[in-house]
Amino acid sequence: MIPMEQRTLGRTGRDVSVVGQGTWQLGGDWGEVAEDDAFDVLDAAVESGVTFFDTADVYGDGRSEQLIGRYLKNRPDADVFVATKMGRRADQVPENYVLDNFRTWNDRSRANLGTDTLDLVQLHCPPSSVYSSDAVYDALDALVAEQRIAAYAVSVETCAEALAAIERPGVASVQIILNPFRLKPLDEVLPAAAAAGVGIIARVPLASGLLSGKYTKDTVFGPEDHRTYNRHGEAFDRGETFSGIDYATGVAAAAEFAGLGPEGATPAQTALRWIIQQPGVTSVIPGARSVEQTRANAAAAALPPLPQSTLDAVRELYDRSIRAEVHGRW
């Protein structure tokens, strides 16, 4: 196994790799992935030094959790911290975020992952009012007391939601969209999290693949791929797909971004390296559907820090091409 830098994930007290493994792709929402191929991806991640898997109970209706559970059962030597999410299996109204539902959702995730105690459970982008509900956090504390979960956290859509969660003493970490095309969390969220000792998990780090530099305005995605059916938020929050950026705008900006990285690094690795070195970031969780993608993502952790000139160029590109479209929306 290749060693990778580890950082403490906020109030969990556990160390995780700076590059984790996002597993949304393994659920099937990016196109079908065979079970053996999924196991190969997870194996490549572990062999590359990844010690952090991120999943959710709705990724493939639990398939992603089940694959991780079966994989780790067969790899007892793999020291992997697994974060899952809950909440999206029910109608998105605050009234559904109650202890009885939490227990039901937890029981299903524990069965899927094959564990008595879940390492970390994150509220999965619930209605905004949930982040400010005392009763919700009381229920989460009860799950910890019952040893169903070791810690809890939140996944958010907006900076305001993140800041509300950071104020809560039991919240271990915040998962938020952060990439060179989504800079708003740098202004307040990351500094507030660092001051409070809350971890930051950066999701959608490649803007649904835009920052890989592989797509053109003519690229066609499959009908079962959310990059086809959710471009305007038809199925869930628009920010989950291409970071909420108009596709044509994103492709043009990505072509510019591809020229900013160091020699020998792919655009995707440059994007991941940019995220890793933002103060306050604990781990970034790119997804992958192949062993090659997985290894390349992990290799970004070994790149030297990007120079200030590159950081400045990323900011200039964002301000010129992206900011006007998305900054106010989130």
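A crossing of two helices is called left-handed if the near helix is turned anticlockwise from the far one by less than a right angle, and right-handed if clockwise. With that convention in place, I turn to the structure above. It is a predicted model, in which local features need pLDDT of at least 70 and side-chain atom pairs count only at pLDDT 80 or more, while totals for chains, interfaces and linings use all residues. Residues are numbered from 1 along each chain as its sequence is written, and side-chain values use heavy atoms, with hydrogens and water left out.

Let me begin with the helix pair. Two packed helices are described by the angle between their axes and the distance between the axes. Helix α2, residues 35-47, packs against helix α11, residues 291-299, at an angle of about 25°, and their axes are 8 Å apart. Helices here are DSSP runs of H or I with at least four residues, strands are runs of E with at least two, and both are numbered from the N terminus. The axes are lines fitted to C-alpha atoms, for helices over the stretch in contact, and angles run from 0 to 180 degrees between N-to-C directions. Angles under 35 degrees count as roughly parallel, over 145 as roughly antiparallel, 65 to 115 as roughly perpendicular and the rest as oblique; α2 and α11 are therefore roughly parallel to each other. The crossing of this pair, α2 and α11, is right-handed.

Staying with α2, I note Glu-47, which is placed in that helix. Its C-alpha atom is separated by 4.4 Å from that of Met-1, 46 residues away along the chain. Is Glu-47 buried or partly exposed? At 33% relative accessibility, Glu-47 counts as partly exposed, where buried means under 20% relative accessible area, exposed means over 50%, and partly exposed lies in between, with a 1.4 Å probe and protein chains only. Gly-49, in the loop between α2 and β4, counts as buried at 8% relative accessibility. The C-alpha atoms of Gly-49 and Lys-184 are 135 residues apart along the chain and separated by 30 Å.

The loop between β4 (52-54) and α3 holds Asp-61. Phi of Asp-61 is near 55°, a positive value in a residue other than glycine, and Asp-61 is partly exposed, with a relative accessible area of 49%.

On a 1 Å grid over the protein atoms alone, a pocket is an open set of points with protein on both sides within 12 Å along at least five of seven lines, whereas a cavity is a set of points where a 1.4 Å probe fits but cannot get out; lining residues have an atom within 4 Å of a point. The lining includes Gly-69, Leu-72, Lys-73, Val-82, Thr-84 and Asp-119. Elements giving two or more residues to this lining are α3 (63-74) and β5 (81-86), and α3 gives the most, with three residues.

Next, the loop between β9 (199-203) and α8 (226-229), where Leu-211 lies. Leu-211 is buried, with a relative accessible area of 1%. Leu-211 and Asn-179 are 32 residues apart in sequence and 8.8 Å apart in space, C-alpha to C-alpha. Val-204 also lies in the loop between β9 and α8; its phi is near 50°, a positive value in a residue other than glycine, and Val-204 is buried at 12% relative accessible area.

I close with two further helices. Leu-26, in helix α1 (residues 24-27), is buried, with a relative accessible area of 0%. Helix α10, residues 267-276, is mostly covered, with 10 of its 10 residues buried; among them are Pro-267, Arg-273 and Trp-274.
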